[in-house]
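Here is a walk through the fold, strand by strand and then out to the charged side chains. Keep the viewer open as you read.

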Amino acid sequence: MKKLIDENGRLFGLISIIDVAVIAVVAVLAVALYTKDTAMPIASAADPLQTVRYEVSITNMPEGRLDSIRVEDNIYDRETGNPMGVIKDVQVEDCEISMLKVDGTYVMAPIEGRYNVTLTVEAEALLDERGHYYINRSNIVGVGWSMDFYTKTSLFGGTITEMK
């Protein structure tokens with residue numbers, strides 16, 4: 001009876017164990033690629049744009065920068081320079097931070113000259129089958145995304161908190 005592995009490292013004296021391992025890996029990869037669903041649902045370029053509103057939350061904005069944000073200003077993505085819509089509403093509230101007191105407790109304390117701002121932005125967007133929004137067919141956005149924005153007079157970072 002033949003040995004399972006001979007002195008040259010061949011299986012049944014015919015083929016190398018390394019060759020068997022390589023063939024097995026290639027076979028597994030081929031099966032995985034064949035069975036994987038690579039078709040991603042996308043929106044057609046011919047699909048109509050729809051008007052969407054989304055909110056951008058900005059925390060700890062200095063008063064001087066806040067004064068430069070105006071309703072009806074265009075807003076842009078700082079990274080790409082693509083337009084991201086028009087500011088339709090600006091809501092402002094005092095910025096508060098958690099401070100540690102001498103007795104070991106925390107209290108919320110206002111910061112003078114700093115504000116939390118919520119911008120409501122209106123834009124034309126394409127909505128695909130997966131629920132992704134493509135503002136002006138270019139920038140993909142979603143709730144929870146942090147981005148750097150700019151207007152003609154201000155530069156700021158914010159987080160998208162709501163999409164309607």
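**Strands, core and salt bridges**

β3 and β6 run antiparallel to each other and pair over 11 bridges; strands here are DSSP E runs of at least two residues, helices are H or I runs of at least four, both numbered from the N terminus, and two strands count as paired if DSSP finds at least two bridges between them. Before going on, note that this is a predicted model, where local features need pLDDT of at least 70 and side-chain atom pairs count only at pLDDT 80 or more, while totals for chains, interfaces and linings use all residues. Residues are numbered from 1 along each chain as its sequence is written, and side-chain values use heavy atoms, with hydrogens and water left out.

Back to β6. It also pairs with β5, again antiparallel, over 13 bridges, with Val 92 facing Val 117 of β6 as its bridge partner. These two strands make a hairpin with five residues between them, and Gly 104 in the turn has a positive phi of about 90°. β6 then pairs antiparallel with β7 over three bridges, where Leu 127 has Tyr 133 as its partner. That hairpin, too, has five residues between its strands, with Gly 131 in the turn at a positive phi of about 90°.

Now look inside. The largest nonpolar core holds 24 residues, and Tyr 54, Ile 75 and Leu 119 touch the most other members. Such a core is a set of buried Ala, Val, Leu, Ile, Met, Phe, Trp, Tyr and Cys residues joined through side-chain atoms within 4.5 Å; buried means under 20% relative accessible area, exposed over 50%, and partly exposed in between, with a 1.4 Å probe and protein chains only. β6 gives the most to this core, six residues. Beyond its neighbours within four places in sequence, Leu 119 has contacts (heavy atoms within 4.5 Å) that include Tyr 54, Ile 75, Ile 87 and Phe 156.

What about charges? The whole structure has four salt bridges, meaning a side-chain nitrogen of Lys or Arg within 4 Å of a carboxyl oxygen of Asp or Glu. Arg 53, which stands opposite Glu 122 in β6, also meets Glu 122 in a salt bridge at 3.1 Å, N to O. Glu 122 sits in β6 and Arg 53 in β3, so the pair ties together parts 69 residues apart in sequence. Lys 88 and Glu 72 form another, with their closest N and O atoms 3.1 Å apart. Finally, Glu 55, Glu 162 and Lys 164 are linked in a salt-bridge network.
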